[in-house]
Structures are given as C-alpha cells and as structure tokens.
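Take a moment to look at the chain below.

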Amino acid sequence: MDLIYWKDTERTGVVFTGLVVGLLSLFQLSIITVVSTISLGVMCFTVSVRLYYKILQVLNMGDGVHPFKAYLDLDISFSGELADQYTQKTIVTIVSAANSLKNLFLVGNLFDSLKLLALMYLVTFLGDLCNGLTVLIIAVITLFSLPLFYKQHQAKVDSFFAGIQAKIDNVMDILHRIAQGGGPNPDPTPGGAKPKTQ
C-alpha cells in the first residue's frame with residue numbers, strides 16, 4: 001500500500017519503472033530473455049557492491065559489514081499457524097471462484113449468466129484492439145495512478161460515482177419490474193397520491 005500511494009517516492013519510482021520497462025521489453029524479447037537479463041543486471045550490481053566493500057575492508061577503510069546485511073537478516077518465513085491460515089484462505093477462495101464460475105456457465109442464475117455473456121462479448125472487441133500484455137501494462141499504470149488520484153480528489157469522485165450509482169439503480173429497478181411482469185409506476189407525488197376533497 002505504501003508503494004501504491006507513493007509514500008516513498010524513490011522506492012515507488014524504482015518499482016513502477018522496473019515493472020513498466022520489464023513489461024515493455026516483452027514486446028520485443030521472450031520472457032526468458034527478459035528474466036535472465038534482469039537477473040544478470042541485479043547480480044552484477046550486488047557482486048560489484050560486495051567486492052567494493054570487501055576492498056574497503058582490506059584497505060582498512062571500512063568496517064567490513066556486509067552491505068546487504070539488513071536484507072539478509074530479514075525474516076520472510078511463515079510460522080506453521082500462519083501458513084495454515086493462508087492455505088485455508090487460498091483453498092476457500094479457489095472453491096468459491098469455482099462455484100461462481102459453475103453457476104455462471106451452467107446458468108444457475110439467468111440474469112447473471114446474461115451479464116457474463118455480454119461482458120465476454122465486449123472482451124472480444126478488446127482482444128481485437130490489443131493483446132493481454134498491453135492490458136497488463138495499462139493495469140500496472142492504473143494501479144500506481146488511480147489510488148493516489150482518488151486519495152487527492154475523494155469528495156469529487158465519490159459524488160460522481162454516487163450519481164452514476166443512482167441512475168444504475170433506477171435502471172435496474174425498471175428492469176426488475178419488467179422481468180416480474182410489470183407493475184404500476186411509482187407515484188411521483190411526494191408522499192403519494194392525496195385523497196380528493198369533497
């Protein structure tokens with residue numbers, strides 16, 4: 001979350017630039033070439049820094065502390081309980097996704113299946129315009145842009161989407177009443193119709 005919200009500008013810039021450049025490289029090179037080249041670059045950097053610190057130690061100009069000691073000592077292991085917890089969450093998520101896909105493709109709910117059908121039809125047009133790699137690059141740029149934009153303009157964005165949601169709810173209500181065989185339109189008079197006075 002700190003990366004997405006650009007709390008550390010330098011670190012986020014390095015990660016964001018690396019992701020975009022790496023994905024753009026896949027347009028011209030294979031993924032094996034990209035991964036091996038990036039790994040080679042990282043190894044050249046780390047070995048050079050390690051040798052530099054070693055030379056400083058030999059010349060008595062350094063304290064001999066490993067330059068990456070903080071990262072080497074970083075504990076990234078999971079306890080057994082935490083690993084079981086993540087495993088259970090992953091299994092529950094996979095089973096839930098499988099059940100949702102089963103209901104969608106086997107028409108468990110006609111309205112939801114029709115929505116998926118329309119979405120897949122629109123995705124075919126997206127596939128004609130660009131490939132999956134282009135979509136992935138756009139997704140990365142969006143991931144690093146939209147959260148910060150929303151944080152800076154939250155009130156305006158919330159107001160805009162509230163208006164859209166109100167219109168969507170109105171259309172969904174009309175479609176729901178049509179699907180149930182229609183019905184009387186709601187009385188636009190505030191408080192409903194008033195009885196006629198004699």
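The paragraphs below go from the whole chain to single residues.

Keep in mind that this is a predicted model. Start with the secondary structure. The chain has eight helices and zero strands. How is the chain spread out? Its radius of gyration is 28 Å, while the globule rule gives 16 Å for 198 residues. The value is well over the rule, so the chain is more spread out than a compact globule.

Taken along the principal axes, the C-alpha atoms fill roughly 110 × 45 × 40 Å. Now ask how much of the chain is covered. Of the 198 residues, 10% count as buried. The accessible surface comes to about 16,500 Å². Carbon and sulfur atoms hold 68% of that surface.

Contacts tell you which parts of the sequence meet. Residues 24 or more positions apart account for 43% of them. The chain has 14 positive and 14 negative charges, and their mean positions are 6 Å apart.

Next come two stretches picked out by a record. The unreviewed UniProt entry annotates residues 20-53 and 132-150 as "transmembrane region". What does the model show there? Residues 20-53 are 85% helix and 0% strand. The end C-alpha atoms of this span are 32 Å apart. Residues 132-150 are 89% helix, again with 0% strand. In residues 132-150, the end C-alpha atoms lie 26 Å apart.

Now zoom in on helix 1, which covers residues 9-25. Threonine 12 lies in this helix. Is threonine 12 buried or exposed? Its relative accessible area is 0%, so threonine 12 is buried. Which residues touch it? Leave aside the neighbours within four places in sequence, and threonine 12 is in contact with Asp2, Leu3, Trp6 and Phe144.

Threonine 9 is also placed in helix 1. Is threonine 9 buried or exposed? Its relative accessibility is 53%, and the cut-off for exposed is over 50%, so threonine 9 counts as exposed. Look across the model from here to histidine 176. Threonine 9 and histidine 176 are 167 residues apart in sequence, and their C-alpha atoms are 48 Å apart in space.

Move on to the loop between helix 4 (80-105) and helix 5, where valine 107 is placed. Look at its backbone. Phi of valine 107 is near 55 degrees, a positive value in a residue other than glycine. Valine 107 has a relative accessible area of 45%, so it is partly exposed. From valine 107 to valine 34 is 73 residues along the chain, and their C-alpha atoms are separated by 42 Å.

Helix 5 covers residues 110-129, and serine 113 is found there. Serine 113 has a relative accessible area of 11%. Buried means under 20%, so serine 113 is buried. What does it touch? Beyond its neighbours within four places in sequence, serine 113 is in contact with Asn103, Leu104, Val107 and Gly108.

End with helix 6, residues 132-143, where threonine 142 is found. At 30% relative accessibility, threonine 142 counts as partly exposed. Threonine 142 and asparagine 60 are 82 residues apart along the chain, and 49 Å separates their C-alpha atoms.

Go back to the whole model once more. You have a chain of eight helices and zero strands. It is more spread out than a compact globule, and 10% of its residues count as buried. Threonine 12 and serine 113 are two buried examples.

Notes. Residues numbered from 1 in each chain as written. Predicted model: local features only at pLDDT ≥ 70, side-chain atom pairs only at ≥ 80, totals over all residues. Heavy atoms only, no water. Helix = DSSP H or I, 4+ residues; strand = E, 2+ residues; numbered from the N terminus. Rg over C-alpha atoms; globule rule 2.2 N^0.38 Å. Buried < 20%, exposed > 50% of the residue type's maximum accessible area, 1.4 Å probe, protein only. Contact = heavy atoms within 4.5 Å. Areas by Shrake-Rupley, 256 points an atom, 1.4 Å probe, with all protein chains shown as cover. Lys, Arg positive; Asp, Glu negative; His and termini not counted. Charge placed at Lys NZ, Arg CZ, Asp CG, Glu CD. UniProt positions renumbered as here; feature names shortened; annotations may be inferred.
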